[in-house]
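Dear colleague,

Please find below the structure that I am handing over to you, together with its sequence. My findings follow directly after it.

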Amino acid sequence: MQRARRELAARLREIRIDAGMSGRDIARACGWHPSKSSRIENARTPPSAGDIRSWCRSCGAKDQAADLIELARMVDGMFVEWRRMERAGLGQAQEARLPLYERTRRFRSYSSWLVPGLIQTRGYTSAALHAIRQRRGLADDVEQAVTARMERQRVLYEGDRRFAFLVEESVLRTGVGGTEVMAGQLGHLITISSLPNVSLGVVPMRPDRDRWPAEGFWIYDTAQVNVELVSGYLTITQPREISLYAKAFDELAALAVYGPQARSLITSAIDITHS
């Protein structure tokens, strides 16, 4: 998101320079304090649609205003705070994602926190969403949300979709819901890994990694990336940004183990859960 803001600021700067104007010139022409044009150009203050129109008009570039306003709107829409996304409850937030899953054919998911939602058991999902509801002070519609997430899992078995899941080994050892819930979830991972359209990789814990763990993200075909942050939900649709996440996924995938080695790590985590 910050990169997109810098791109918008750079394009406005180029328009000013092409017009032969200084920062003070553009501020004077737009009726602003000089510090405002500086803040806009340095991506510290996001420009409004009116700011962009004034900027382009003053530089004799009115024809570029519409494209830049659209870019600004895209930047604003990339990040959604959890409280906005979940204001109608966890259930509706879960249901809202179903159309994206239905139209996607290739899923790539990396998680450093929790087991990805598409391969969670009902017990694991319930425990995770109850914890989220309590932490964020949301209405108690967890059962509706759990049902919506379980319904979404049907995409695993429909059509010609392909799924590549990567989880950090620490995810296998992070207790969610207690011993029985975790044991059931880990056993489910072994079952899921046997599906012909599913690849499950585990990135082992080791002291010499050159690619560190990252925030969890999903790549939907080559059209969209969603990133789950502590504060909110980030949607990325710019091809250049998507390619960066695709590269990160490939690098993490190269560190992962699969098949018998992955199942060995999962089995070891089950043994620790029961110990």
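I begin with a single residue. Leaving out residues up to four places away in sequence, Ser-126 touches Val-142, Glu-143 and Val-146. Ser-126 belongs to helix α9, which covers residues 122–136. Is Ser-126 buried or exposed? Its relative accessible area is 17%, and since buried means under 20%, Ser-126 counts as buried. Please bear in mind throughout that this is a predicted model.

Ala-246 sits in helix α13, residues 239–255. Its relative accessibility is 15%, so Ala-246 is likewise classed as buried. Which residues are in contact with Ala-246, once neighbours within four places in sequence are left aside? They are Arg-108 and Ile-219. Of these, Arg-108 is 138 residues away from Ala-246 along the chain, yet the C-alpha atoms of the two are separated by 8.6 Å.

The chain as a whole gives the setting for these two residues. It has 275 residues, of which 48% count as buried. Its secondary structure consists of 14 helices and seven strands. Of the contacts between residues at least 6 apart in sequence, 74% join residues at least 24 apart; the contact of Ala-246 with Arg-108, across 138 residues, is one of this kind. The accessible surface amounts to about 13800 Å², and carbon and sulfur atoms account for 51% of that surface.

I also examined one pair of helices. Two packed helices are described by the angle between their axes and by the distance between those axes. For helix α12 (residues 179–192) and helix α14 (residues 259–274), the axes come within 9 Å and cross at roughly 165 degrees. Angles over 145 degrees count as roughly antiparallel, and α12 and α14 are therefore roughly antiparallel to each other. The crossing of α12 past α14 is left-handed.

Which residues of α12 and α14 meet? On the α12 side they are Thr-179, Glu-180, Met-182, Ala-183, Leu-186, Gly-187, Leu-189 and Ile-190. On the α14 side they are Arg-263, Ile-266, Thr-267, Ala-269, Ile-270, Thr-273 and His-274. Taken together, the residues of this contact comprise eight nonpolar, five polar and two charged.

With kind regards

Definitions and conventions:
Residues are numbered from 1 along each chain as its sequence is written. This is a predicted model: local features need pLDDT of at least 70, side-chain atom pairs count only at pLDDT 80 or more; totals for chains, interfaces and linings use all residues. Side-chain values use heavy atoms; hydrogens and water are left out. Helices (H or I, at least four residues) and strands (E, at least two) are DSSP runs, numbered from the N terminus. Buried means under 20% relative accessible area, exposed over 50%, partly exposed in between (1.4 Å probe, protein chains only). Contact means heavy atoms within 4.5 Å. Accessible areas come from the Shrake-Rupley method with a 1.4 Å probe; for residues, only the protein chains shown count as cover. Axes are lines fitted to C-alpha atoms, for helices over the stretch in contact, and angles run from 0 to 180 degrees between N-to-C directions. Angles under 35 degrees count as roughly parallel, over 145 as roughly antiparallel, 65 to 115 as roughly perpendicular and the rest as oblique. A crossing is left-handed if the near helix is turned anticlockwise from the far one by less than a right angle, and right-handed if clockwise. Ala, Val, Leu, Ile, Met, Phe, Trp, Tyr, Cys and Pro count as nonpolar, Asp, Glu, Lys and Arg as charged, and the others, Gly among them, as polar.
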